[in-house]
Amino acid sequence: MADPPPAAASSPAADLLQAAREEADALLERLNSSADGLSRLQSRLRLERLGANVIAQEKPVPWFLQLLATFANPLVGLLASLALVSLLTGDAKAALIIGGMILFSVGLRFSQEYRSVRAAEGLRRLVHTTATVKRRDAHKDITPALAADLGLQLEGEGAQQEEEPIDRLVPGDVVLLAAGDMIPADVRVLSSKDLFVSQAALTGESLPAEKHALLPPEQRQGAEPLELVNLCFLGTNVISGTATAVVLHTGPRTMLGSLAQTLAGQRSSSSFDRGIRDVSLLLLRFMALMAPAVFLINGIGKGNWGEAFFFALSVAVGLTPEMLPMIVTANLSRGAIAMAKQKVIVKNIDSIQNLGAMNILCTDKTGTLTQDRIILKLHLDCHGHDSNEVLEFAYLNSFYQTGLRNLLDVAVLEHADVHAALKVEHRFAKIDEIPFDFQRRRMSVVVEEESHHHELICKGAVEEVLAVCTHVRDRSDVLSIDPTLRQAILRLHDDLNDDGLRVIAVAYKEVPRRDGPYTLADEAALIFLGFIAFLDPPKDSAAQAIRDLREGGVSVKVLTGDNPVIAAKTCRDVGMAVEGILLGAEVEALADPELMQRAEATTIFARLSPLQKSRIIRLLRQRGHVVGFMGDGINDAAALREADIGISVDTAVDIAKESADIILLDKSLLVLNDGVREGRRTFVNIVKYIRMGTSSAFGNMFSMLGASILLPFLPMQPVQILLNNLLYDFSQTGIPFDNVDAEDLRQPRQWQVGGIRRFMLCIGPVSSLFDYATFALMWFVFQAQTPAQQSLFQSGWFVESLMTQTLIVHVIRTRRIPFLQSRPSLTMALATLVVMAIGIALPFTPIGAGLNLVPLPPPYFAWLAMILLGYITLTQLVKSWFVRRFGYG
């Protein structure tokens with residue numbers, strides 16, 4: 001069996017133009033396909049040869065490249081340079097310790113990133129983005145004998161429809177498209193019915209483009225692929241209608257794939273990214289200032305330039321925030337994994353930061369505030385009386401439609417008794433369909449009743465259906481609609497809305513049997529039949545979730561295309577205060593500055609178009625808010641892209657899932673609220689390390705400078721500084737797993753570099769004060785005043801420095817009184833206890849002796865306890881004043 005590769009022109013664009021201008025049969029023959037698509041065997045062979053239908057940024061990074069990328073960090077590069085200098089100048093111990101610091105930091109960071117990436121890949125497999133493909137009979141490709149040789153089982157006769165993951169599509173596959181589908185590849189339309197496609201992702205054009213199977217004569221020469229009416233492209237989505245199309249290009253050969261290759265990896269940095277960078281630069285500037293100063297002071301004052309050089313080198317290492325990348329990665333990875341346990345899939349790990357910073361959540365009401373379980377409550381005639389005839393016509397419409405079948409249709413089709421009473425299969429046959437679209441907000445099917453006549457049955461939004469009706473059915477009579485009757489119908493509609501019911505109108509007209517398709521023009525002169533009214537009960541958990549979000553500083557706004565009255569009642573049912581309502585028409589009429597102000601004070605935005613949703617989110621962001629948007633529909637894709645955090649659900653349409661940053665496996669605001677708390681927890685734990693690192697570095701700057709000037713010897717040997725720093729780094733590995741105080745989770749967490757800098761300026765000098773107290777202790781009490789006694793001095797400061805740095809994180813980690821009002825996690829406590837025990841024991845071990853550390857006299861530890869108690873007390877007092885004066889955000 002031969003399956004040659006589809007012939008390709010010199011470039012993807014030229015091949016698209018050729019395919020658009022070919023006759024459909026000739027194109028299918030060139031692609032070695034058919035109107036029934038490919039067989040499974042053909043599909044598998046082409047997939048193996050051509051590769052998966054994924055674009056550049058979707059390729060997973062191999063582990064070894066991920067490991068190399070972990071080393072490609074300025075801080076790691078700096079440490080490696082310092083290690084190399086130490087090795088070349090003969091200080092093997094220093095080189096070994098710096099190398100250990102590098103491996104420790106890089107190893108932890110790589111393990112966290114690798115675990116996170118693998119977890120994310122596993123979670124992404126839970127999000128199914130598929131396309132409906134036609135699979136033809138394998139008998140056409142392979143003989144039974146060959147099938148037996150290959151161990152294959154032949155399919156039955158005829159083409160079958162299957163759901164195929166879009167990454168497994170290949171050129172020649174025939175796909176079926178309907179409203180809500182994402183175009184899964186670059187395709188040529190073979191047949192279509194009222195097909196409208198949004199190409200905004202590729203062209204920026206806001207209006208949907210109508211697509212046809214036939215190419216008009218004016219497009220046969222000189223047109224670009226994006227302009228052709230019979231081509232659709234990966235990344236665009238079907239707004240309305242249906243179509244059958246053949247796949248031309250997949251993966252990097254698609255139009256979107258070629259763009260992705262040029263844009264892969266280019267992301268605008270968030271405020272959090274910029275804050276991390278600013279802090280790193282701040283510490284590196286300290287290092288660039290301190291290291292030369294310490295080198296010159298010790299070299300000039302003590303005359304040993306070699307010793308001064310290694311001391312300055314060690315100071316530089318001590319001021320380098322080499323653990324910062326690991327701490328950030330570990331916190332984000334832990335956050336992503338913790339959120340996965342709450343049924344929240346994080347597609348973009350950086351979005352955890354934005355989730356913690358979010359202060360406005362915009363959402364549709366269906367499925368988030370309500371149960372997403374529609375119940376058909378009433379079927380009424382134009383006077384509000386029960387009418388089985390209305391239910392029967394609505395059932396036929398829902399049963400025969402092939403477009404986007406929503407929950408309202410499901411609720412209608414649950415009435416199996418109607419199906420039996422109508423004898424649908426025996427009495428009716430479908431003739432045609434006019435699909436739903438968001439402009440008309442209605443759809444129609446045409447059925448033939450007992451081979452006698454055609455009936456066009458229309459259902460949709462009340463105003464839009466009533467607009468194409470000229471008559472109304474009043475029991476057995478058909479009356480003309482006059483203004484009085486129209487107003488009575490609209491009043492009944494409003495009354496039903498006020499009761500929290502979603503109302504759909506049903507109309508029809510009889511048409512003589514005819515050949516040829518039905519079009520939008522046939523939706524005219526209809527007879528209004530009545531209403532079907534649905535109830536979507538509020539979720540039991542919605543009120544609690546709204547209250548929790550509000551108490552957590554996140555205001556919820558409802559952006560819906562639905563009726564404002566229903567939206568307002570739903571909001572009140574779940575405890576939301578409705579402070580203002582804006583309709584789509586009002587939004588359209590307002591200029592950006594005015595809408596920006598109105599949007600902040602408005603709770604409900606109703607009757608919105610997709611672009612109006614996106615505009616509201618954009619203006620809220622311009623006002624300085626961090627905005628999340630939760631949506632799952634076709635009309636939510638643009639808003640999901642515009643928001644700081646796009647949130648969708650696993651049951652959403654394809655385009656919504658592809659546009660989202662975070663996907664919920666359970667469509668619940670309670671689950672989302674848990675994600676918000678996890679985002680804040682992640683942020684707080686990262687800031688703990690940053691506060692500690694900056695204040696410690698600032699304090700060490702004063703201690704090192706003073707010691708270099710006052711002492712006749714080095715306050716600590718270079719190798720001792722490096723070991724001290726390595727042990728301190730180990731004590732910080734518990735931070736990503738630390739507990740977070742409840743008050744730190746109550747409000748959105750946004751990056752404040754000014755607050756970090758103020759904290760550093762207030763807390764840093766406190767550590768220097770007690771360093772000088774230790775200097776005085778070793779100098780005056782223990783008489784370590786000469787170079788011959790410098791090992792005792794250095795051992796005393798080594799232990800005190802490690803104790804204070806390690807212990808003080810417990811004060812800085814909380815705004816409360818440590819240990820009494822706020823307790824660390826077990827991991828955090830054990831990490832610090834182990835390091836402190838090692839620090840105390842080290843001078844008494846052979847390893848310590850090799851590092852020129854000497855045993856400390858017992859009275860030293862009594863003094864050390866007083867120093868530590870004084871340090872913790874003063875730091876707590878200064879911190880408490882800082883919190884009262886500046887807050888702790």
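1. Helix 23 (residues 592-600) packs against helix 24 (residues 610-622) at an angle of about 85°, and their axes are 9 Å apart. The model under review is a predicted one. Angles of 65 to 115 degrees count as roughly perpendicular, and helix 23 and helix 24 are therefore roughly perpendicular to each other.

2. On the side of helix 23, the residues that meet helix 24 are D592, L595, M596, A599 and E600. Their counterparts in helix 24 are R615, I616, R618, L619, L620 and Q622. By class, this contact of helix 23 with helix 24 comprises six nonpolar, one polar and four charged residues.

3. A second pair is formed by helix 28 (residues 718-731) and helix 31 (residues 826-841), which pack at an angle of about 160° with their axes 8 Å apart. Angles over 145 degrees count as roughly antiparallel, and helix 28 and helix 31 are therefore roughly antiparallel to each other.

4. Helix 28 contributes L727, F730 and S731 to this contact, while helix 31 contributes A831, T832, V834, V835 and I838. The contact of helix 28 with helix 31 has six nonpolar and two polar residues, and no charged residues.

5. F886 belongs to helix 33, which spans residues 858-886. The relative accessible area of F886 is 32%, so the residue is partly exposed.

6. Setting aside neighbours within four places in sequence, F886 is in contact with R758 and W881. F886 and F759 are 127 residues apart in sequence, yet their C-alpha atoms are 9.1 Å apart in space.

Notes: Residues numbered from 1 in each chain as written. Predicted model: local features only at pLDDT ≥ 70, side-chain atom pairs only at ≥ 80, totals over all residues. Heavy atoms only, no water. Helix = DSSP H or I, 4+ residues; strand = E, 2+ residues; numbered from the N terminus. Buried < 20%, exposed > 50% of the residue type's maximum accessible area, 1.4 Å probe, protein only. Contact = heavy atoms within 4.5 Å. Axes fitted to C-alpha atoms, helices over the stretch in contact; angles between N-to-C directions. Parallel < 35°, antiparallel > 145°, perpendicular 65-115°, else oblique. Nonpolar A, V, L, I, M, F, W, Y, C, P; charged D, E, K, R; others polar.
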